[in-house]
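Subject: Structure handover

Hello,

Please find the structure below. My notes on it follow.

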2 protein chains.
Amino acid sequence: MARLAGRGTGTAPRSIDVARLAGVSQKTVSRVMNGEQYVSGDLRRRVLEAAETLGYRLNHAARALASGRTRSIGVVTLGTALYGPASLLMGLERAVRDTGYTLRVVNTVEGDALGIAGAVDSLLDQGVDGIVISEPIDEEGDADLAIRVDVPFLILGAPPPFTAHRVVTAGLVAHQLARAVTEHLLDLGHPTVHHLAGPQRWYAARDRMEGWRATLAAHGRREPPVLVGDWSAASGHRAGLELAGDRDVTAVFAANDDMAIGLIRALLETGRRVPEDVSVVGLDDIPVAAYVSPPLTTVRQPFDATAEDGLRRLVHAIENPDADPIPAEDPPVNLVVRASTGPPPSGAVSVGGAVLAGGTAAPEGRARTTRTTRTTAPGASDGPSQVPAPQPNRTTAPGRLVSPGRTPSGARQPTA
Amino acid sequence: MARLAGRGTGTAPRSIDVARLAGVSQKTVSRVMNGEQYVSGDLRRRVLEAAETLGYRLNHAARALASGRTRSIGVVTLGTALYGPASLLMGLERAVRDTGYTLRVVNTVEGDALGIAGAVDSLLDQGVDGIVISEPIDEEGDADLAIRVDVPFLILGAPPPFTAHRVVTAGLVAHQLARAVTEHLLDLGHPTVHHLAGPQRWYAARDRMEGWRATLAAHGRREPPVLVGDWSAASGHRAGLELAGDRDVTAVFAANDDMAIGLIRALLETGRRVPEDVSVVGLDDIPVAAYVSPPLTTVRQPFDATAEDGLRRLVHAIENPDADPIPAEDPPVNLVVRASTGPPPSGAVSVGGAVLAGGTAAPEGRARTTRTTRTTAPGASDGPSQVPAPQPNRTTAPGRLVSPGRTPSGARQPTA
DNA sequence: CGCAGTCATGTCAGCGCAGTCATACTGAAA
DNA sequence: TTTCAGTATGACTGCGCTGACATGACTGCG
């Protein structure tokens with residue numbers, strides 16, 4: 001077969017061309033390119049120089065064929081689960097940069113032909129050395145998928161059962177996040193907290209609900225019936241219409257920010273004030289959360305920390321097949337208090353705590369850090385729902401005020 | 001070298017194993033796997049059966065090495081430009097499914113070490129047959145990047161100059177989208193429309209601004225000074241604080257929805273009502289746009305249509321290096337009228353049109369389709385800003401009302 | 001001084017597939 | 001019948017790299 005046209009004109013240089021130019025063996029070029037030890041500084045320099053001269057690029061297909069490793073990690077995303085400016089996917093992308101691996105992302109939407117299993121299959125087909133998967137893995141089928149498959153798995157948000165060989169997990173703090181927001185509401189004096197949960201097939205949904213439930217139990221509060229949404233603002237809106245008629249509802253914890261936004265919208269439409277009549281918290285701290293009206297109290301997902309920790313441990317599992325897995329680190333929990341929460345209206349009675357001034361009093365704007373030393377959200381918001389200035393919405397990646405022409409990573413950008 | 005352990009136990013089957021089992025040559029297996037012609041139905045069946053029996057998976061690295069083609073397409077994303085539930089990236093993912101190609105995504109954030117050029121480089125390094133890139137390509141350096149590189153390029157949102165060999169473009173409708181929202185505001189009777197633009201290095205930003213400018217000119221309206229943001233809600237908020245003092249401002253077109261949301265928030269904080277005092281439109285129709293208060297009038301980005309059209313033409317360019325490029329299709333333009341726009345306050349005078357009833361009158365809720373026969377947004381919103389029920393927010397992909405347990409693709413989902 | 005251990009480099013084969021070319025068989029046109 | 005274009009299959013080779021192994025140079029130590 002004739003040599004293939006490579007990049008640029010003619011033919012791509014190969015390692016043997018570099019070797020000849022540098023006056024070394026092809027193997028030495030290979031060693032240099034792979035950063036192996038046992039190459040003298042002199043030869044290393046000559047090889048790199050020759051490679052530079054020729055514009056040499058290592059052929060990854062050939063390397064994969066020869067070595068049996070692709071140096072790529074597959075990621076299965078579910079709908080938009082991993083997407084967004086602050087997301088695990090972006091965290092993974094950042095984390096993967098220095099590892100020598102690249103990411104291969106396959107997106108799956110619930111209900112489409114390609115399921116999770118199909119996505120995993122497609123990744124294995126393409127050849128990946130490891131797979132990252134997030135919610136949901138339904139318990140029967142997909143659980144042993146991870147175990148059956150012969151590459152290491154990183155399962156984000158999976159519970160303890162998934163501690164099989166070469167399976168690592170990360171991000172098991174959802175119920176801690178839920179606890180933080182629930183306790184925030186109880187601290188404000190609400191008798192109890194209603195919950196708008198996510199789809200129950202998702203671990204994240206169940207985990208958040210468990211955190212809420214456990215917190216209520218720990219405080220000896222009554223547990224109201226749970227509403228279930230589908231993570232979308234639309235489903236939050238529907239839930240809000242259901243709750244709006246019930247005057248006992250003074251505080252609602254929505255399992256994510258989108259549902260919280262839809263829920264608030266429904267409350268406002270039905271004439272209930274937020275937070276004077278009903279306090280609402282979300283979970284995630286999406287970029288617009290600080291700018292909706294009222295600005296949303298929420299708890300930030302530790303995307304970057306979780307992604308980085310998880311990826312590091314996955315790579316470890318890939319490169320040390322027989323070693324013990326590295327234990328997961330506990331990511332930080334950052335509550336961001338904005339203007340969608342406040343004390344309950346005067347009529348409401350707190351079982352365990354003092355009843356605070358009801359009505360129009362606004363929350364002290366304050367970001368609190370739980371179980372971590374990181375501080376957050378320096379700019380605080382206060383006042384009634386229409387008035388407060390939103391605080392910068394990403395503060396661990398500090399809300400740098402951006403001049404025209406610069407674009408912070410938190411911004412949603414246009415596309416065509 | 002010893003055979004490598006493959007998937008499952010032991011060793012992965014190779015095409016030669018399939019060949020032996022089926023009693024044919026390796027080449028015939030190759031032909032079947034690649035869907036080539038000139039294989040009898042009988043042999044094809046035997047081969048597929050044998051492959052099934054052995055659990056054969058084609059080794060993509062070996063194929064890439066032998067054929068010189070990787071069957072993968074690289075995508076460069078900029079910050080979150082391509083992300084999100086409704087996004088070009090998801091459109092590309094859907095579109096790529098049946099092409100036999102896979103996507104390799106490299107994300108870049110403005111200001112990080114990896115620039116666009118670095119991302120392209122990294123993709124070429126990994127070996128891709130084509131590259132998709134979106135905004136921005138800055139005019140000097142990156143322009144000829146596309147041309148210098150030896151694989152076909154799809155540039156999303158690029159203007160006509162980029163019609164070099166093997167470069168195709170798509171999504172050149174930004175100024176039509178801008179025109180749609182600007183005309184909507186003028187139709188309501190506003191004397192003129194202010195503009196909050198995106199960063200001027202982005203084609204999308206300039207294109208949107210041009211659409212706005214041309215529309216004003218066509219209607220003989222004064223062109224107010226332009227504000228510039230960075231696509232983020234935070235920058236929209238800052239712009240809103242600047243505009244709030246100016247009583248001449250009755251209508252603002254923000255170049256994307258996030259900035260519009262931040263802008264509305266700033267107006268509300270400073271005591272201006274939306275839309276009674278100021279009408280605000282965005283651009284994109286992000287999922288929460290229907291649920292913020294007031295629900296946002298915007299124009300939908302034709303993500304799927306653009307992605308599909310662009311990808312189809314890129315694949316054509318890859319597979320037919322010498323053929324003429326397929327011309328781009330004009331994607332639809334869908335204006336979604338919600339509650340953030342209305343007639344100007346009584347004092348304001350429209351130069352070219354009748355002055356409509358000012359103050360609290362609300363817009364007729366209606367989704368309008370421009371330059372296309374597709375209908376959109378059946379549910380309409382009306383009434384003052386706090387009251388209207390939001391309409392389902394994705395209507396071309398119809399806003400199916402979702403029961404618990406199902407998750408529509410428009411929902412933002414949790415991650416751990 | 002001899003030998004083991006470490007470091008530095010090279011030789012060679014083959015990873016699994018698809019391209020090229022050869023070959024054989026079919027049916028219709030000459 | 002011969003010819004020829006089209007159809008169907010196989011033999012062989014090499015894509016560019018890295019693993020296994022060989023080998024030599026050097027070091028330190030008894």
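What share of the contacts in chain A with a separation of 6 or more comes from residues 24 or more positions apart? The share is 66%, where a contact means heavy atoms within 4.5 Å.

Some conventions before the rest. This is a predicted model, in which local features need pLDDT of at least 70 and side-chain atom pairs count only at pLDDT 80 or more, while totals for chains, interfaces and linings use all residues. Residues are numbered from 1 along each chain as its sequence is written, chains are lettered from A and ligands numbered from 1 in the order in which they are written, and side-chain values use heavy atoms, with hydrogens and water left out.

Chain A as a whole

Chain A contains twelve helices and twelve strands. Both are DSSP runs numbered from the N terminus: helices are H or I with at least four residues, strands are E with at least two.

Strands of chain A

Strand β1(A), residues 72-78, is mostly covered, with seven of its seven residues buried. A:Ser72, A:Gly74, A:Val76 and A:Leu78 point one way from β1(A), and A:Ile73, A:Val75 and A:Thr77 point the other way. β1(A) pairs in the parallel sense with β2(A), residues 102-108, over seven bridges; two strands pair if DSSP finds at least two bridges between them. A:Leu78 has A:Thr108 as its bridge partner in β2(A). β1(A) also runs parallel to β3(A), residues 130-133, joined by four bridges, and here A:Ile73 is partnered with A:Gly130.

Elsewhere in chain A, four strands form an open sheet with parallel pairing, in the order β7-β6-β8-β9. Its edge strands, β7 (227-228) and β9 (279-281), each pair on one side only. Three bridges join β8(A), residues 251-254, to β9(A), and A:Phe253 has A:Val281 as its bridge partner there.

A buried loop residue

A:Thr341 is in the loop between β11 (333-336) and β12 (367-370) of chain A. Why does A:Thr341 count as buried? Because its relative accessibility is 0%. Its side chain makes a polar contact with the side chain of A:Thr297 at 2.9 Å. A polar contact is a pair of N or O atoms within 3.5 Å; within protein, one must be able to donate a hydrogen and the other to accept it, and residues adjacent in sequence count only if both atoms are side-chain atoms.

DNA strand C

There are 27 residues around DNA strand C, and A:Thr28, A:Ser40, B:Ser15, B:Ser30 and B:Tyr56 come nearest. A residue is near a strand if one of its heavy atoms lies within 4 Å of it. Sugar and phosphate make up 63% of the atoms of DNA strand C that come within 4 Å of the protein. At B:Ala62, a backbone N or O atom lies 3.4 Å from a base nitrogen. α4(B) gives the most to the surface near DNA strand C, with four residues.

Regards

Technical notes:
Buried means under 20% relative accessible area, exposed over 50%, partly exposed in between (1.4 Å probe, protein chains only).
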